[in-house]
Amino acid sequence: MAEVTLKNLSKNFGTDIGVEDISMTIPDGAFVVLLGPTGAGKTTTLRLIAGLEKADRGEIWVDGRNVGNETPAQRDMAMVFQQYSLYPHLTVRDNLAFPLKSPILRTPSDAIERKVSEVAEVLQISHKLNNKATALSGGEMQRVSIGRALVRDPAIYLMDEPLSSLDAKLRTDLRVELKRIHASLGATLLYVTHDQIEAMTMATHVGVLNEGRLVQFGTPREIYENPNSLYVAGRLGLPRINILPVDVFQNAPVRATHIGMRPEHVHQGDGLEAEVKRVEHLGDLTRLHLTLNGHAITTVADPTMTYDLGTAIKIAPKNPLFFDGNGNRIR
Amino acid sequence: MSSFSVTEPSARSKWFAGTLVILYALITMVPLAWIMLTGFKSPSDAISYPPKIVFEPTLEGYVNLFTTRTRQTPEFLAANPPEKWYEEIVREYDMVIAGPSKFGERFLNSVIIGFGSTFLSIFLGTLAAYAFSRFKIPLADDLLFFILSTRMMPPIAVAIPIFLMYRQLGLSDTHLGMILLYTGVNISLAVWLLKGFIDEIPLEYEEAALIDGYTRFQAFYKVVLPQAATGIASTAIFCLIFAWNEYAFAVLLTSGTAQTAPPFIPTIIGVGGLDWPAVAAGATIFLLPVMIFTILLRKHLLRGITFGAVRK
């Protein structure tokens with residue numbers, strides 16, 4: 001395992017920006033999640049680190065070694081692709097053994113056997129080892145493809161939305177599994193996703209990307225509680241943060257144009273009157289959809305309380321976030 | 001009432017389609033069957049009118065194909081009774097076997113030149129197709145068009161320049177010359193077909209192999225080649241069929257050492273009257289290698305011919 005540092009990494013595709021001036025350090029043993037919408041440069045960042053793309057500018061350091069001119073094989077990284085990309089002409093066993101048989105690792109065959117069955121055990125695919133890779137369900141394929149990374153002990157594991165094509169149940173299972181693997185192996189992971197639950201539950205660090213730039217890097221909690229822009233605030237949190245013009249409420253800082261309130265930032269009992277539009281009973285909590293002067297607000301409420309549609313309740317912001325005209329946070 | 005499916009054809013339409021296919025197959029196989037039967041006829045049965053379908057089979061055609069014979073005096077024949085079964089056959093015509101014919105040699109030439117040029121076309125074609133498919137090559141489209149354009153004229157149009165060139169280079173009537181010629185003609189087909197197949201293999205497999213610790217060439221060899229096997233097999237069949245059957249250049253450029261079977265078979269006709277059974281026997285044996293090769297690779301061939309029709 002190793003520390004990976006990116007310095008001013010940039011890559012354009014023609015006139016399209018892939019990534020622009022990304023600098024960050026992935027500490028040894030960290031689980032870093034890159035978060036952002038499609039086209040934000042998440043996958044490009046992974047491919048640059050893996051060596052599948054060549055950077056226009058900037059450096060990539062792995063454990064004090066500049067790997068900019070090394071081939072993907074020399075960089076000693078494992079990658080899980082979004083599309084499983086199992087070798088279709090090989091069995092599951094051979095797929096898992098493939099990286100171990102490489103000329104770089106040249107693992108002895110008894111060690112390969114041991115490693116493959118270990119990983120198959122963890123991912124619950126032992127009974128499928130002799131199947132052709134194409135004779136698997138989507139979930140099984142993705143587990144094999146994660147397994148193909150796990151058989152190795154690389155400098156870093158790179159994962160490109162590995163769970164995005166799986167059904168909800170399997171996604172939850174594998175999420176827990178990945179987290180467990182991270183904890184038990186002490187592995188360094190760089191994980192790309194646009195699913196904020198994955199980011200919040202697994203990451204030790206989150207990097208938020210926007211249009212090829214890294215706009216914030218920190219622990220999931222920091223990113224959630226202290227977003228430095230409207231954009232970052234909107235990336236994390238479900239239901240999304242409520243963004244309202246600042247003049248709806250009093251007491252805003254001078255330059256502020258928008259006020260951001262997460263659902264739990266809405267205090268009930270005093271303040272302005274808002275109308276209850278919709279009530280969602282989720283069991284452990286109740287979600288309220290309100291309107292205040294034509295602005296929609298979502299908040300959470302005590303699940304034991306009963307709300308009637310059309311009635312008014314009083315609300316006020318509690319520790320809200322303020323943003324200026326450029327979307328930057330005002331602290 | 002039986003279940004009804006929109007996509008699954010009904011039993012009746014399957015039956016109808018099956019009958020059509022079998023009928024068509026039978027019709028196309030008539031000439032083949034005719035050639036094979038003629039090989040076992042006697043010369044008189046072969047030219048009888050109306051044609052005979054039921055006849056007494058003989059191996060005369062095959063004996064004549066593989067041997068040269070001379071007529072002998074009755075004294076000589078009486079003094080040397082036939083020893084082998086094939087000597088008895090020619091004895092009916094007061095002849096003895098003088099030695100083997102050139103058919104074996106010519107057939108071997110066909111094998112060497114046919115398979116040699118097929119191997120070379122596939123080898124070069126796969127590498128070129130991979131390069132065109134995966135690398136940014138300057139003027140790639142123009143180069144591909146140029147390669148294709150070598151197919152746009154009838155090859156015989158360049159017969160005379162090639163004839164003169166081969167004489168100058170000492171390639172006339174050599175195995176190497178014929179292999180190079182057929183490779184030159186086939187390589188355009190090979191590059192285009194194989195490029196299509198390699199294009200279909202997702203790049204991710206190679207990227208995965210690169211990250212798994214392999215070099216580019218190892219990734220090509222271990223990941224791309226096995227997946228291109230279908231394409232390679234069907235391209236090989238097309239190349240072999242062309243090289244195997246080619247007649248015009250074989251007549252023009254070979255006469256002895258490197259002569260292939262196609263120009264040789266017609267020369268049998270002139271050897272002692274119209275010996276149709278021998279010609280038919282030669283044609284039958286000549287058919288076998290391509291037939292076996294095609295049967296061995298037929299699964300791939302079907303996929304190769306319908307290739308591109310359905311996008312995965």
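# Getting to know chains A and B

Q: What share of the 331 residues of chain A counts as buried?
A: This is a predicted model, in which local features need pLDDT of at least 70 and side-chain atom pairs count only at pLDDT 80 or more, while totals for chains, interfaces and linings use all residues. Residues are numbered from 1 along each chain as its sequence is written, and chains are lettered from A and ligands numbered from 1 in the order in which they are written. A residue is buried if 20 or more other C-beta atoms, placed from the backbone, lie within 10 Å of its own; it is exposed at 12 or fewer and partly exposed in between. Of the 331 residues in chain A, the buried share is 41%.

Q: How many helices and strands does chain A have?
A: Both kinds of element are DSSP runs, numbered from the N terminus: helices (H or I) need at least four residues and strands (E) at least two. The C-alpha trace that carries them in chain A spans about 70 × 45 × 35 Å along its principal axes. The count for chain A is nine helices and 18 strands.

Q: What distance separates the centres of the two domains of chain A, domain 1 and domain 2?
A: Domain 1 covers 4-235 and domain 2 covers 242-330 of chain A, with bounds that come from an automatic or database domain assignment. Taken over C-alpha atoms, their centres are separated by 37 Å.

Q: How many residues does each domain of chain A give to the contact?
A: Two residues are in contact if their C-beta atoms, placed from the backbone, lie within 7 Å. On the domain 1 side of chain A, the touching residues are four nonpolar, two polar and no charged; here Ala, Val, Leu, Ile, Met, Phe, Trp, Tyr, Cys and Pro count as nonpolar, Asp, Glu, Lys and Arg as charged, and the others, Gly among them, as polar. Domain 1 of chain A gives six residues, and domain 2 of chain A gives eight residues.

Q: Which residue in the turn between strand 1 and strand 2 of chain A has a positive phi?
A: These two strands of chain A form a hairpin with two residues between them. Within the pair, A:Lys11 has A:Val19 of strand 2 as its bridge partner. The turn residue, with a phi of about 65°, is A:Gly14.

Q: Which residue stands opposite A:Leu209 in strand 10 of chain A?
A: Strand 9 (residues 205-210) and strand 10 (residues 213-218) of chain A run antiparallel and are joined by five bridges. In their hairpin, A:Glu211 takes a positive phi near 45°. Opposite A:Leu209 stands A:Leu214.

Q: What is the average twist from one strand to the next in the open sheet of chain A with the order 15-14-13-16?
A: This sheet has antiparallel pairing, and its edge strands are strand 15 (295-301) and strand 16 (312-317) of chain A. Strand 13 (residues 266-281) and strand 14 (residues 286-292) of chain A are joined by six bridges, with A:Glu275 opposite A:Thr291. The twist averages 50°.

Q: Which element gives the largest share of the side of chain A that touches chain B?
A: Here 19 residues of chain A are in contact with 15 residues of chain B. The chain A side has 15 nonpolar, four polar and no charged residues. Helix 2 (72-75) and strand 6 (77-80) of chain A give two or more residues to it. The largest share, three residues, comes from strand 6 of chain A.

Q: What is the radius of gyration of chain B?
A: Chain B has 16 helices and two strands, and 34% of its 312 residues are buried. A compact globule of 312 residues would come near 20 Å, where the radius is taken over C-alpha atoms and the globule rule is 2.2 Å times the number of residues to the power 0.38. For chain B the radius of gyration is 25 Å.

Key
Two strands pair if DSSP finds at least two bridges between them. Axes are lines fitted to C-alpha atoms, for helices over the stretch in contact, and angles run from 0 to 180 degrees between N-to-C directions.
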